[in-house]
Amino acid sequence: MDQFRGLFVKLDRNKDGFISLTELHREMSKHGIVAADAKHVIDSYDNDKNGVLDYGEFLSYMTDREKNWKIYFNHLDKNKCGVIDQEDIICLFKELGVLISKANAKKVIQMMDTDNSMTVDWDEFLQHVIFKPVDTIGELVSSWKHSLVFDVGESRALAIEFPEENSDVGAWRKFVLGAGLADAVSRTATAPIDRLKTQLQFYGSKAFSRGFQEIRSGGLRSMWQGNAVNVLKGTPQSTLQCLIYAQMKVSMQDRSQKNLSVQQRFGLGCVSGAVAHAVFYPLEVLKVRLNLQRVGTYHGVMACARSIYKDESLTSFYRGFKPSILCMIPYAGVECAVHQSIMNWARSDPAYSSDSGLFFFSFVAFASGQMSSYPLAVIRTQQQAKAFSSQSHANSSILQGLLGIYQSHGLRGYYNGMGASFVRAVPCALINFTLTKTFENVFSLAET
């Protein structure tokens, strides 16, 4: 109990013999706990309802936490030697259906190990968990995965926690299904904004009047034209990019036995993004055609594809590919490098590792990638639209296309639609973040 007396004295900053909500939250915030959780502790253990904790009430809270976590510690200590080592951590993750490497198990141990023994005794374990906002071993493991950087280079507007590279097939299957359904919902919910972005890239400010005309003639449903092919393209492309990145990352780390540098992440992001983009590029062409044409021009995705094949040629499915791939390389590379670098820094400081903080930093990475490549995205849309409009500069080179946009719209023309892209990113990311875990939990329950 002496350690709890010492902790009480440390928390009682004004030395009045009580711990106030402000004093408790000051310590708990270091572990990512919000004021509402600290208030819940005060309300639950403040027996005399005076709004503060005396030593007896504080001791009751700490004793309850100690009893609860002593059971979990004994479960973790497989060989009953009184300490937890890397093998115990690997066994714990395996029980939860995740296979982690010894290097990551070592990182978990180092988070708790205060005497550099590479083992964790009961006092070190208790010190690590006592103020964490977790009540079960599963929640503790989730906090470890949140704090460590299990990065696989996802090119998303929000950091979605992919399974560890060597997770079992079941974990990957649940993730892909959960992320896929969440991605489909988010793309469908934000489809009107995405279509507006494409039209702004091509028509400029005329896109708004054109949009109102389409709503009057085709109803609100017209704003979802092209969404089906966007859903068919988006999730498989993101998954393929993730798998390529993960495999290359494992290969590089096996050779160097070191964490990836920013330059290496940039390179892997470029390669994985370019390959995935090339594979699914014909669907991108179909999406742009459907987004730019008036409702009723094509009766479905297959009708659009047949029309392009019949009236043009197979090469039309890769029209605009050069600026598109040049756009994808800096976009994927910059977003990946900025995202992982910021996350490494943010997750090392509990003050910045909340979900809202990580969302903000992920959005910064997304915005960085967008701004570095957006003019090329405008050129791509211009070239993809060649077949049905004389306004496009598809026959020209990338440089001539850039000059043409400047002559028609000025510098602002290079970023037509980028505001809509940013507006779409926020709800899209929030829906992905919320629904991915929800769907994964549903699939897990269905398998039990």
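## Surroundings of T198

In this predicted model, T198 touches V288, N291, L292 and T381, leaving aside residues up to four places away in sequence. T198 itself lies in helix α10, which covers residues 191–203. Its relative accessibility is 2%, and T198 therefore counts as buried, the cut-off for that class being under 20%.

## Helix α4

Helix α4 comprises 22 residues, 55–76. At 1.5 Å a residue, a helix of this length should span 32 Å; the end C-alpha atoms of α4 are 31 Å apart, which agrees with that expectation. At the start of α4, the backbone nitrogen of G56 has a side-chain oxygen of D54 within 3.1 Å.

As a general point, an α-helix has 3.6 residues a turn, so residues three or four places apart point the same way.

## Packing of helices α5 and α6

Helix α5 (residues 86–95) packs against helix α6 (residues 102–112) at an angle of about 110°, and their axes are 9 Å apart. The two helices are therefore roughly perpendicular to each other, a class that takes in angles of 65 to 115 degrees. Their crossing is right-handed.

On the α5 side, the residues that meet α6 are Q86, E87, I89 and I90. Their counterparts in α6 are K102, A105, K106, V108, I109 and M112.

Methods: Residues are numbered from 1 along each chain as its sequence is written. This is a predicted model: local features need pLDDT of at least 70, side-chain atom pairs count only at pLDDT 80 or more; totals for chains, interfaces and linings use all residues. Side-chain values use heavy atoms; hydrogens and water are left out. Helices (H or I, at least four residues) and strands (E, at least two) are DSSP runs, numbered from the N terminus. The expected span of a helix is 1.5 Å times one less than its number of residues. A polar contact is a pair of N or O atoms within 3.5 Å; within protein, one must be able to donate a hydrogen and the other to accept it, and residues adjacent in sequence count only if both atoms are side-chain atoms. Axes are lines fitted to C-alpha atoms, for helices over the stretch in contact, and angles run from 0 to 180 degrees between N-to-C directions. Angles under 35 degrees count as roughly parallel, over 145 as roughly antiparallel, 65 to 115 as roughly perpendicular and the rest as oblique. A crossing is left-handed if the near helix is turned anticlockwise from the far one by less than a right angle, and right-handed if clockwise. Contact means heavy atoms within 4.5 Å. Buried means under 20% relative accessible area, exposed over 50%, partly exposed in between (1.4 Å probe, protein chains only).
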